[in-house]
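Here is a short briefing on the two chains shown below. Keep the structure open while reading.

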Amino acid sequence: MIHEFKKVWKPYTIGLVWLLGLLWPLLGIHPDGTLSFGKTFTVWFYIAVSASFCLLLYVMNKSGRLDVVSRPFTGFREAIKQASGKLPVWIWILILLLFALCYPQFTNRYAQDVATNVLIYICLGLGLNVVVGLAGMLDLGYIAFYGVGAYTYALMNLHFGMSFWVCLPIAALLAMTAGCIIGYPTLRMRGDYLAIVTLGFGEIVRILLNNWMALTNGPNGLLGIKAPSLLIPVFDGGFSFEVFYLKKLQYLYYVALALALITVIAVRNLNFSRIGRAWEAIREDETAAELMGVNTFLLKLLAYAMGAIFAGLAGAFFAARMRFVSPESFTFLESAMVLSMVVLGGMGSIPGIILGAAALIVLPEVFREFESYRMLAFGMAMVVMMLFRPEGLIPAKRVGGRSEEKGG
Amino acid sequence: MASQPILELENVSSSYGNIKALKGISLKVYSGEIVAIIGANGAGKSTTLMVTCGIIPVDDGDIFYNGQSIRGMAAEKLPVQGLCQVPEGRRIFPRLTVHENLELGAFCRRKRAEIDKDMAYVYSLFPTLQERRKQQGGTLSGGEQQMLAIGRALMTKPKVLLMDEPSLGLAPLFVQKIFDIIHDINKKNGTTILLVEQNANLALKAAARGYVLETGTIMMEDNADSLLHNPEIRKAYLGE
């Protein structure tokens, strides 16, 4: 036990001293310029005591003194693991799907609203995953395509009265076109340079939406967008169609669920296709991929366009749900949020990104009381994640089901 | 020896910014032979291969493959025509599995049956790869990675294979193994091989002809045997 302790006491002490250095300016400097020490030390003392307790537990665990307590639990965990391993994957998917389908039946409006949000971000995260996780291009302006999709539906609906379902493919197409236009000149760049260019592009789109008063009504945004509608046949005195607007949250939830499902299936198929493999090769080593006959430029452009399509779809739905769009929804922070979901969940991993999106949307809702500390906690969570699980919550599985699919 | 070379560099020069890497080199490779390019660090050996593959642009001169100029052709179009490179430092795709790495070699090909046949051939050539087919490429040892890089290039079904320092950083036992396989590929498939090596002794023993490259120019060109016994070469590159 002493031996274990000797190994860890140094970083532990340094960490506590560092924490004090961090806490003091946060808690000790007051807006009126006075300095105090009391509060800092109290908070620091509490943290130090609980950290010491954790350290003690850790050391005891390492030296095997906790085995008596933990043994029954390990057995229990193994049993669960075995039981869950026996069930094939599709059963899990089925359970999840059933849950998603029944969800609005036993939840209130607020919970449905949050869930709809999660579903939109799943679309965005998976779309960005194609660009970042598969093709390995850091895109910091992804939300711009979301904006393009949202404004496409908003404008088409307001000016031409076009229905949501017609605008959905148009929004995807326009977002894709935007992706190609940006991608064409920028995708020759690699790594950091690409990140900066995409960052710039994201800002350009936002500022354009903000300042093009004639088209977008600037920062005031566009009001009065119609919700998605369905044509329902009516049989009273002849046959006609009645337009039925899916205004209720429950209906919107199902539309979002459908979009998310389409995205999941599409991204999964892309991931396991020949193109998906080529994207991964480009991510791993662009020159080597080129030497193997992969048209890197075209494939990178395709990845970019594909990512944009999903963002465009999500954007059109966003506009239809909010029935209001303004440039404020498409700031860099949103791009960073989606990127965080991808990185947090696990780049290239579909279940990981679904979990990442859920975590980053639901957790801030749960901890609403601590809203002012949200960004602080968020940053801290990111640091901790990158230290302990740099591959993400559910790392992408690299034991290729894909290779075996085709045999050989 | 065939009258027309399958691969010919004619007075090719190339540069990185202001630094001239190749100052007008000419070389010919005939179908079915192994040709070695030897030279010291920074002589321009790797650049020669990268220029041939279209990764680094040509400043001047021309490159012919099968009698046609391939200067300025996009790099990804060459493997389709049977010109492929095993790049320096292997450059396999570390997070893809061994099998996926090989599949990627066949990216430019469409016929599944032929691809499967070549896959079986590569696995028979390198049984270790077969054992490790589900393992990530990056977890292989250096020698195995070299095998994977060669296997991956073979999956493009090359007529001409350019190899950049296949012995780099390998244990002597592995080096011998790799060279045996290079010999095998050449003899059994009739694949033409252009070999770049620092290990002049090994390269010249494997090759039929050799070029000596020095600071971007070709200093000497001869049969491999004559080069191997040339006192100057022995002094400069074989450490005698």
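This is a predicted model: local features need pLDDT of at least 70, side-chain atom pairs count only at pLDDT 80 or more; totals for chains, interfaces and linings use all residues.

Residues are numbered from 1 along each chain as its sequence is written, and chains are lettered from A and ligands numbered from 1 in the order in which they are written.

**Chain B overall**

- Chain B has 10 helices and 10 strands. Helices (H or I, at least four residues) and strands (E, at least two) are DSSP runs, numbered from the N terminus.
- The radius of gyration of chain B is 17 Å, close to the 18 Å that the globule rule gives for 240 residues, so chain B is as compact as a globular protein of that length. The radius is taken over C-alpha atoms, and the rule is 2.2 Å times the number of residues to the power 0.38.
- Along the principal axes, the C-alpha atoms of chain B fill a box of roughly 45 × 40 × 40 Å.
- Of the 240 residues in chain B, 50% are buried. Buried means that 20 or more other C-beta atoms lie within 10 Å of the residue's own; exposed means 12 or fewer, and partly exposed is in between, with C-beta atoms placed from the backbone.
- Among contacts in chain B with a separation of 6 or more, 68% join residues 24 or more positions apart. A contact needs C-beta atoms, placed from the backbone, within 7 Å.

**The six-stranded sheet of chain B**

- An open, mixed sheet of 6 strands runs in the order β6-β7-β8-β3-β9-β10 in chain B. Two strands pair if DSSP finds at least two bridges between them.
- Its edge strands are β6 (83-86) and β10 (217-223) of chain B, each pairing on one side only.
- On average, neighbouring strands of this sheet are turned by 15 degrees against each other, direction ignored. Axes are lines fitted to C-alpha atoms, for helices over the stretch in contact, and angles run from 0 to 180 degrees between N-to-C directions.
- Strands β3 (residues 34-39) and β8 (residues 192-197) of chain B run parallel and share 5 bridges. Within β8(B), B:Val196 stands opposite B:Ile37.
- Helix α1 (residues 45-52) of chain B packs on the sheet and touches β3, β6, β7 (160-164), β8 and β9 (209-214) of chain B. The direction of α1 makes about 145 degrees with that of β7(B).
- Helix α6 (residues 142-154) of chain B lies across β6 and β7 of chain B, at about 170 degrees to β6(B).

**Other pairings in chain B**

- Strands β1 (residues 7-16) and β4 (residues 60-65) of chain B are antiparallel, with 5 bridges. B:Ser13 has B:Asp60 in β4(B) as its bridge partner.
- β4(B) also pairs with strand β5 (residues 68-69) of chain B, antiparallel, over 2 bridges. B:Tyr65 is bridged to B:Gln68 in β5(B).
- The hairpin of β4(B) and β5(B) has 2 residues between the strands, and B:Asn66 takes a positive phi near 55 degrees there.

**Where chain B meets chain A**

- In all, 28 residues of chain B are in contact with 20 residues of chain A.
- On the chain B side, α2 (78-81), β6, α3 (98-105) and α4 (112-125) each give two or more residues.
- The largest share of that side, 5 residues, comes from α3(B).
- That side of chain B divides into 14 nonpolar, 6 polar and 8 charged residues. Ala, Val, Leu, Ile, Met, Phe, Trp, Tyr, Cys and Pro count as nonpolar, Asp, Glu, Lys and Arg as charged, and the others, Gly among them, as polar.
- α3(B) is largely enclosed by the rest of the structure, because 8 of its 8 residues are buried. Among them are B:His99, B:Glu100 and B:Leu102.

**Chain A**

- The domain assignment gives domain 1 (2-86) and domain 2 (92-405) in chain A. Such bounds come from an automatic or database domain assignment.
- The centres of domain 1 and domain 2 of chain A, taken over C-alpha atoms, are 37 Å apart.
- A:Ile93 sits in helix α4 (residues 89-102) of chain A. A:Ile93 counts as exposed because it has 12 C-beta neighbours inside 10 Å.
- Strands β2 (residues 229-234) and β3(A) of chain A run antiparallel, joined by 6 bridges. A:Leu231 has A:Val243 in β3(A) as its bridge partner.
- Strand β3 (residues 240-245) of chain A is hardly covered, with 0 buried residues among its 6.
- In the hairpin of β2(A) and β3(A), with 5 residues between the strands, A:Gly237 takes a positive phi near 65 degrees.

Terms used: Two residues are in contact if their C-beta atoms, placed from the backbone, lie within 7 Å.
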